[in-house]
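Work through the exercises below with the sequence and the coordinates at hand. Each task is followed by its solution.

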Amino acid sequence: MKPRIKICCISSIQEAKTAVEHGASALGLVAKMPSGPGPIADDLIRDIAQTVPPPVATFLLTSETTADAIIAHQRQVLTNTIQIVDELTDREYRKIREALPAIKLVQVIHVIDERSVDEALELSEQVDALLLDSGNPKLAVKELGGTGRVHNWKLSRQIVHQASIPVFLAGGLNAGNVKEALDQVNPFGLDLCSSVRTDGQLDPVKLEAFFRAVWG
Ligand SMILES: O=C(O)c1ccccc1N[C@@H]1O[C@H](COP(=O)(O)O)[C@@H](O)[C@H]1O
């Protein structure tokens, strides 16, 4: 099956259009974060999300860590998917589902060591998809994504093999390494930000090269 491609860090209606025209099946809209290149204002997230045609998914990337805050955040921006980039400290996934039954939930796992595999498999019972990234939430200034770094794909491969829900691979993917990533990890989808940008703007030439590297 052809892997789905999610283009993250979308920062304007025009960037959303460009990514969809190239074949993106999902767009990432990054809200306030402690670090990373992608954050935009919630008003802009809402404006962009409203212009995206079905069946393209709109992912709100939220750094909120409680169910109530995440529910309130989605209600401000009205995306059809929530990507939780940090730990949901109260583990109240059910509360989010009850409040927002039509909204899909994606939990990010920052793949660091063997414990990340256990964490991923445990949380896969609660959400619609996992997204494996290369951040480090334990740092003084948390890294929750957008690092431009790859992680240990052997661990990601274990998660893909053992989880019974779709898994996206993220973290430092580019046109030069994506074939190897697909061979090693075999994810449902790919997610990327830094490598398709030039001076912070989505670059159609890099985008084209990435899609060509994946789909031929
Ligand atoms: O991009 C950001 O600023 C960001 C900040 C905090 C959490 C997630 C963020 N972006 C996500 O990170 C992945 C990987 O990015 P990269 O390709 O390694 O640069 C990206 O796809 C977004 O989902």
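Helices here are DSSP runs of H or I with at least four residues, numbered from the N terminus. The model is predicted.

**Exercise 1.** Check the span of helix α8 against 1.5 Å a residue.

Solution. Step 1: α8 runs over residues 204-215, twelve residues. Step 2: the expected span is 1.5 Å times one less than the number of residues, which gives 16 Å for α8. Step 3: the end C-alpha atoms of α8 are 16 Å apart, in agreement. Step 4: Gly-216 follows α8 and has a positive phi, near 85°.

**Exercise 2.** Find the contacts of Leu-130 beyond four places in sequence.

Solution. Step 1: Leu-130 is among the residues with the most contacts inside the largest nonpolar core, which has 63 residues. Step 2: the contacts of Leu-130 beyond four places include Ile-109, Ala-120, Ile-159 and Val-167.

**Exercise 3.** Describe the shell around the ligand.

Solution. Step 1: of its 26 residues, Gly-36, Gly-38, Gly-145, Gly-146 and Ser-194 come nearest. Step 2: the shell comprises 13 nonpolar, eleven polar and two charged residues. Step 3: strands β2 (26-30) and β8 (189-192) each contribute at least two residues.

Notes:
Residues numbered from 1 in each chain as written. Predicted model: local features only at pLDDT ≥ 70, side-chain atom pairs only at ≥ 80, totals over all residues. Core = buried A, V, L, I, M, F, W, Y, C linked by C-beta atoms within 7 Å. Buried ≥ 20, exposed ≤ 12 C-beta atoms within 10 Å, placed from the backbone. Contact = placed C-beta atoms within 7 Å. Near = placed C-beta within 6 Å. Nonpolar A, V, L, I, M, F, W, Y, C, P; charged D, E, K, R; others polar.
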